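Subject: Handing over the structure

Hi,

Here is the structure I said I would pass on to you.

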Amino acid sequence: MKVIGVTRGDDGPQLLERERPSPDPGEALVRTLRVGVDGTDHEVLNGSHGGFPDGADHMVLGHEAVGVVEEPNGTGLEAGQVVAPTVRRKPDGETNEYFRRGEPDMAPDGDYVERGIVGEHGFMAEYFTSPADFLVPVPESVAEYGFLVEPLSITEKANEHAYATRAPFDWRPESACVLGNGSLGLLTLWMLDQEYDRTYCVGRRDRPDPTVDIIDEIGSTYVDSRETPVDELPADYEAMDYVYEATGFAPHAVQTVKALDQNGVGVLLGIPEPWEFEVDGGSLHNDIVLHNKCLIGTVNSHVSHFEDAVETLQELPEWLLDDLVTTVTDPAHVEAAFEDGDDQIKAVVEFDSL
């Protein structure tokens, strides 16, 4: 079967051939429909994030997938059922307390592998196998966009954890800001715009630009960080009740605190390279304490977040889905899905259709 992978010593996606997998007991065989490409895939390719499976000379890419159950193999799933696979799996197939608790997304390094990212082959293949417990049903009506369940699940978890920090008191947020106008940022912006009175999105793009057009269509305010840095948002616009960081730009972690309003919460999702810069630690500490601000980090997600993401996917407007997906290519022309450019928002590798 055809797979898209990266081999040791190379930094580009390659079309490879592997044997079609056979499911073990408790696993189903899934025929892949579509796999999305995101920033993490680029980081895996350039070696700044993730790692190969032990002893392997290559790794199959892809962690944002949707497929159809080909062989249920006694799992209780049905042949023809559309599913989205979760990403984190047991290391060497051995369980641990995080998996037993149903919280693999909270496991530390070494207590998990991530398919297509670190230590385990991904889903960018004609077929893959997976334990049924890690396959989340997706309605056929949104199967075409089922690969978005994984990124949406990241935001479902981020919001859940961020809001939990405000649960002990009567928090009444009105303003929210997303840092980053990539595909994840735009999906999150739409989600937040359904809940908040005023939403903003920070980027570094000149008009005309397709991502800024989406921001405008959502009804949010676009902020050019070259003109208004994140820590100057309160002066130029307003202090934010909620800030969602999806840039991996290290100074944003510090600037987010300044951008927050009294009782505000900021959630960090970006993974920056090491970066040393000067910070007034005393003022930062005082700002957090005296104004009841909160800053948290979050990574990955699990089944409950995927299930919530499926519901959100069904609510997304058709125009947003159409505008968001800018490239759909087949495995033979996979390079197009990994091209960077101002017109590229979300790229998809399509292996099959329903």
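Below is what I found, starting with the whole chain and then going down to single residues.

Before you start, please keep in mind that this is a predicted model, in which local features need pLDDT of at least 70, side-chain atom pairs count only at pLDDT 80 or more, and totals for chains, interfaces and linings use all residues. Residues are numbered from 1 along each chain as its sequence is written, and side-chain values use heavy atoms, with hydrogens and water left out.

**The whole chain**

The secondary structure comes to 10 helices and 19 strands (DSSP runs, H or I of at least four residues for helices and E of at least two for strands, numbered from the N terminus). The C-alpha trace spans about 60 × 45 × 40 Å along its principal axes. The radius of gyration is 20 Å, which agrees with the value near 20 Å for a compact globule of 354 residues; it is taken over C-alpha atoms, and the globule rule is 2.2 Å times the number of residues to the power 0.38.

Of the 354 residues, 53% count as buried. Buried means under 20% relative accessible area, exposed means over 50%, and partly exposed is in between (1.4 Å probe, protein chains only). The chain exposes about 15800 Å², and carbon and sulfur atoms supply 44% of that (Shrake-Rupley method, 1.4 Å probe; for residues, only the protein chains shown count as cover).

Contacts here are heavy atoms within 4.5 Å. Among contacts between residues at least 6 apart in sequence, 69% join residues at least 24 apart.

**The cores**

In soluble globular proteins, nonpolar side chains tend to be buried together. A nonpolar core here is a set of buried Ala, Val, Leu, Ile, Met, Phe, Trp, Tyr and Cys residues joined through side-chain atoms within 4.5 Å. The largest one has 52 residues, of which L148, V149, L152, Y242, V267, L313 and L316 touch the most other members. Helix α4 gives the most to this core, with 6 residues. A second, separate core has 34 residues, including V3, V44, A125 and Y127.

Why is α4 largely enclosed by the rest of the structure? Because 9 of the 11 residues in this helix (183-193) are buried; among them are L186, L187, W190 and M191. L187 also turns up as a contact of L148, together with L313, L321, L324 and K346, leaving aside neighbours of L148 within four places in sequence.

**Salt bridges**

Side chains of opposite charge can pair when their charged atoms come close. Counting a side-chain nitrogen of Lys or Arg within 4 Å of a carboxyl oxygen of Asp or Glu as a salt bridge, the total is 18.

One of them joins D352 and R31, with the closest N and O atoms 3.0 Å apart. D352 lies in the segment after β19 (346-350) and R31 in strand β3 (27-37), so this pair ties together parts that are 321 residues apart in sequence. D352 is partly exposed at 31%, whereas R31 is buried at 17%. Salt bridges that share partners join R31, E70 and D352 into one network.

Another salt bridge is between D105 and K157, at 3.1 Å from N to O. D105 sits in the loop between α2 (97-100) and β8 (113-115) and K157 in helix α3 (149-164), so this pair ties together parts that are 52 residues apart in sequence. Both D105 and K157 are buried.

D216 pairs with R207, and their closest N and O atoms are 2.7 Å apart. D216 is partly exposed, at 36%.

**Two residues to look up**

Where is R88 found? It is in strand β7 (88-89), and it is buried, at 3% relative accessible area. Its side chain makes a polar contact of 2.8 Å with that of E114 and one of 3.3 Å with that of Y112. Polar contacts are pairs of N or O atoms within 3.5 Å; within protein, one must be able to donate a hydrogen and the other to accept it, and residues adjacent in sequence count only if both atoms are side-chain atoms. Beyond four places in sequence, R88 touches residues including F99, D105, F134 and N300.

C294 is in strand β17 (294-297) and is buried, at 15%. Leaving aside neighbours within four places in sequence, C294 is in contact with T165, R166, L260, G264, V265 and G266. C294 and Y242 are 52 residues apart in sequence and 9.7 Å apart in space, C-alpha to C-alpha.

Cheers
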